[in-house]
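Please consult the sequence and the structure shown here alongside the text.

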Amino acid sequence: MNPAPPDPARPRRAIAIIGGGSIGVAFAIVFARAGHEVRLSEPDAGRRAAIGGILAARLGDLDRYGLVDEPIEAVIGRVELADSHARAVAGAAYVQECAPERLDLKTALFAELVRLAPEDAVLASASSAITASAFAAGLPGRERMLVVHPGNPPFLIPVAEVVPAPFTAEASIAFTQELLAGAGLTPVLIRKEVEGFVFNRLQGALLREAYCLVRDGVVSVEDVDRIVRDGLGLRWSVIGPFETVDLNTSGGIASHAVKMGPAYARMGAERGQHDPWTPDLVEKVAGERRAVLPLEQWAERVAWRDRRLMSLVRHRKTEADA
Ligand SMILES: NC(=O)c1ccc[n+]([C@@H]2O[C@H](COP(=O)([O-])OP(=O)(O)OC[C@H]3O[C@@H](n4cnc5c(N)ncnc54)[C@H](O)[C@@H]3O)[C@@H](O)[C@H]2O)c1
């Protein structure tokens, strides 16, 4: 997950970060660790004064875990606290906005950033749920605007959802994906703008059910967390939910849908959700799985999953014993 070490012969282009809260500072670490000069602009004086210490503490921890490839002073030295948005975006190839999640604020900010930034700079918002169509539709330069929604914190959770609006230019999307991958992130292109994108929709589906189960007295809050921590989540750190059921059932996911589909449909209906796994949908999902993993390789992959889990379980045991 560490990005490729910086090559002094090919300096990386400058990055502007707008808003130095938890996500802004974390993005500064991501890009500076990858060798970019970063200029970070934060309007709150108290927060600005704290940023140097936060950077040093986070990078110190990363270093102790072997996740920085050079002295942390070199990484910190690439981060400049800019005294204005204009200073932050001057000469930047990419602007990552990390201001509070408010539509009016983001619209005003992007209207300002597009005036200040170089003409070819891509302007991305870290928004958790507000789409580029919502904040940028009426703005000049909207073809350079999109959402890049990170996991928190992005220097540890590599996945970043790249969510263009219909008006975002292909070149801006491609540039963003390449830039993020070069900084050690895992960009995932989201094909349609939906509220919450995919990360938070998946998280939301689980949370909605968890709230219902607690409300109905089925389970305690701590036991929901235990079931995810020592069950679903442990497996999901190796494989995703589709691959999980694909590997749990001989015959793969198509067979799982036959055996379990009606029960899952009843559970959904109980919550007022009527989205059965129709034969066409199951065929599409199974087709994508079989393209990645032909059934002849299924048993081999199950053994691989178990070895990955053994490695994780050993790691947890070592940490618990330490
Ligand atoms: N925290 C998360 O888990 C998470 C995860 C992914 C995405 N996001 C999104 O990232 C964005 C930032 O979230 P956060 O958690 O870092 O919030 P935060 O409140 O920690 O930080 C926001 C920062 O922006 C500053 N700010 C306020 N007005 C500003 C302006 N006009 N221009 C520039 N900066 C301004 C604030 O002083 C603050 O330091 C939000 O859109 C949020 O939804 C958050």
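The shell around the ligand comprises nine nonpolar, nine polar and five charged residues, where Ala, Val, Leu, Ile, Met, Phe, Trp, Tyr, Cys and Pro count as nonpolar, Asp, Glu, Lys and Arg as charged, and the others, Gly among them, as polar. The model is predicted: local features need pLDDT of at least 70, side-chain atom pairs count only at pLDDT 80 or more, and totals for chains, interfaces and linings use all residues. Residues are numbered from 1 along each chain as its sequence is written, and side-chain values use heavy atoms, with hydrogens and water left out.

In total, 23 residues surround the ligand, each with a heavy atom within 4 Å of it. The closest are I23, E42, E101, K106 and S128. At least two shell residues come from each of α1 (22–33), α5 (103–116) and β6 (145–150).

| Residue | Polar atom | Distance |
|---|---|---|
| G21 | backbone | 3.5 Å |
| I23 | backbone | 2.9 Å |
| K106 | side chain | 2.9 Å |

The protein covers 72% of the 830 Å² of accessible area (Shrake-Rupley method, 1.4 Å probe) that the ligand has on its own.

Elsewhere, the axes of α11 (residues 252–270) and α12 (residues 279–292) come within 8 Å and cross at roughly 150°. The two helices are therefore roughly antiparallel, a term for angles over 145 degrees. G252, I253, A254 and A257 of α11 meet V282, V285, A286, R289 and R290 of α12, with contact meaning heavy atoms within 4.5 Å. The residues of this contact divide into six nonpolar, one polar and two charged.

Terms used
A polar contact is a pair of N or O atoms within 3.5 Å; within protein, one must be able to donate a hydrogen and the other to accept it, and residues adjacent in sequence count only if both atoms are side-chain atoms. Helices (H or I, at least four residues) and strands (E, at least two) are DSSP runs, numbered from the N terminus. Axes are lines fitted to C-alpha atoms, for helices over the stretch in contact, and angles run from 0 to 180 degrees between N-to-C directions. Angles under 35 degrees count as roughly parallel, over 145 as roughly antiparallel, 65 to 115 as roughly perpendicular and the rest as oblique.
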